[in-house]
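Subject: Structure for you to look at

Hello,

Here is the structure I said I would pass on. My notes follow below it.

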Amino acid sequence: MARAALSGLLIGLILLVPAVQAQTAAPRTFEDSMAQRSLACTHCHGAGGRAAPDGYHPRIAGKPAIYLYNQLLNFRDGRRHYGPMTQLLAPLSDEYLLAIAEHFAALQLPYPAPLPHKSSAELLERGRTLAYQGDASRQLQACAQCHGQNLTGMLPHVPGLLGLPRDYLNAQLGAWRTGKRRAHAPDCMADIAKRLQPQDIEALASWLAAQAVPAGSAGAPASAPTSAPTSAPTSAPTSASASAPRGAQNPATACGTARSPQRP
Ligand code: HEC
Ligand code: HEC
């Protein structure tokens, strides 16, 4: 079943190449055919990429395009590990992956309500405090400093932290901690995850997964509208406060991201 879906997708993706090239001439045709041809992605990632109900296959719809693009490169190039995705993406070019990323980023679909949970109030409060204040005693930055005041992400490449299942969050933070998941250097999340104890990860994953996603939230643009993410301050602030002045440079501009492929 999965194998059939995968080979169907591969054929669809190969057929798509001319459609990508014709993109500027006929954007509508491109949109429609991408929707058709991304069916194997949505087979695992849920209708329109809004996540599968199994609590693991993550949402891809509406995430920042450059974040999605970075992840597709990460799976293809071995910084993230999930066999079926790596195989699927192996033959595809950077241009192609950017087109897929832009397709899913443009899909604004409603988020489901958070699942019921049995976490203690104490655990949730610990998660909330770490997310908004971090822990200055061990130079742990607040998640909100990079992921936005509402934790709904920052364009162009920082994803939101709400609307993700607890198991998925646990697995991702654990994978960063052990070096199994990596991002483009400098890999800010590897540094953050190594400062987190297993109890912190449990608290963060539990609290984040229990929050509703605010209506109409898409990632806010980073304050400095720069195309070159490397033009960032050399040292990210370590003070853990969510009350950074509005308009302050988001420390995530110093984190690694891929350079977009040149388009003809
Ligand atoms: C066989 C099932 C399967 C298929 C097919 C599949 N994915 Fe995935 N995908 C996964 C799983 C599982 C993960 C999470 C892996 C992990 O990190 O543990 C994932 C992760 C991702 C992520 C990272 C999400 C995030 O928030 O970091 C992106 C982006 C993604 N997939 C896009 C795609 C696209 C685009 C396609 C189609 C070209 C696709 N996937 C096809 C199973 C699948
Ligand atoms: C210095 C900036 C920075 C801080 C602080 C930060 N993050 Fe991140 N985070 C990032 C960036 C950049 C990415 C995208 C990494 C990539 O491209 O894979 C990311 C990605 C993530 C992801 C992956 C989401 C997904 O869909 O797979 C999770 C989970 C995450 N961060 C959790 C946290 C938590 C929890 C905290 C607070 C303890 C935190 N982050 C603090 C910059 C930051």
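**Notes on the structure**

Tyr 56 sits in the loop between α3 and α4; helices here are DSSP runs (H or I, at least four residues), numbered from the N terminus. This is a predicted model, in which local features need pLDDT of at least 70 and side-chain atom pairs count only at pLDDT 80 or more, while totals for chains, interfaces and linings use all residues. Residues are numbered from 1 along each chain as its sequence is written, and chains are lettered from A and ligands numbered from 1 in the order in which they are written.

**The loop residue**

Tyr 56 counts as exposed because it has 12 C-beta neighbours inside 10 Å (exposed means 12 or fewer other C-beta atoms within 10 Å of its own, placed from the backbone). Leaving out residues up to four places away in sequence, Tyr 56 touches Pro 165, Asp 167 and Tyr 168; contact means C-beta atoms, placed from the backbone, within 7 Å. Asp 167 is 111 residues from Tyr 56 along the chain, yet their C-alpha atoms are separated by 6.4 Å.

**Ligand 1**

Around ligand 1 there are 23 residues, with Cys 41, Cys 44, Gln 71, Tyr 82 and Pro 84 the closest (a residue belongs here if its C-beta atom, placed from the backbone, lies within 6 Å of the molecule). At least two residues of this shell come from each of α1 (2-21), α3 (39-45), α4 (65-77) and α5 (83-89). α3 gives the most, 5 residues. By type, the shell has 16 nonpolar, 5 polar and 2 charged residues; Ala, Val, Leu, Ile, Met, Phe, Trp, Tyr, Cys and Pro count as nonpolar, Asp, Glu, Lys and Arg as charged, and the others, Gly among them, as polar.

**Ligand 2**

Ligand 2 is surrounded by 26 residues, and the closest are Gln 141, Cys 143, Cys 146, Ala 183 and Cys 255. α4 supplies at least two residues of this shell too, as do α8 (143-147), α9 (166-177) and α10 (188-195). The largest share, 4 residues, is from α8. The shell around ligand 2 holds 20 nonpolar, 6 polar and no charged residues.

**α4 against α6**

The axes of α4 and α6 (residues 94-105) come within 8 Å and cross at roughly 135 degrees (axes are lines fitted to C-alpha atoms over the stretch in contact, with angles from 0 to 180 degrees between N-to-C directions). That angle makes α4 oblique to α6, oblique being what remains after under 35 degrees (roughly parallel), over 145 (roughly antiparallel) and 65 to 115 (roughly perpendicular).

Regards

Definitions and conventions. Buried ≥ 20, exposed ≤ 12 C-beta atoms within 10 Å, placed from the backbone. Contact = placed C-beta atoms within 7 Å.
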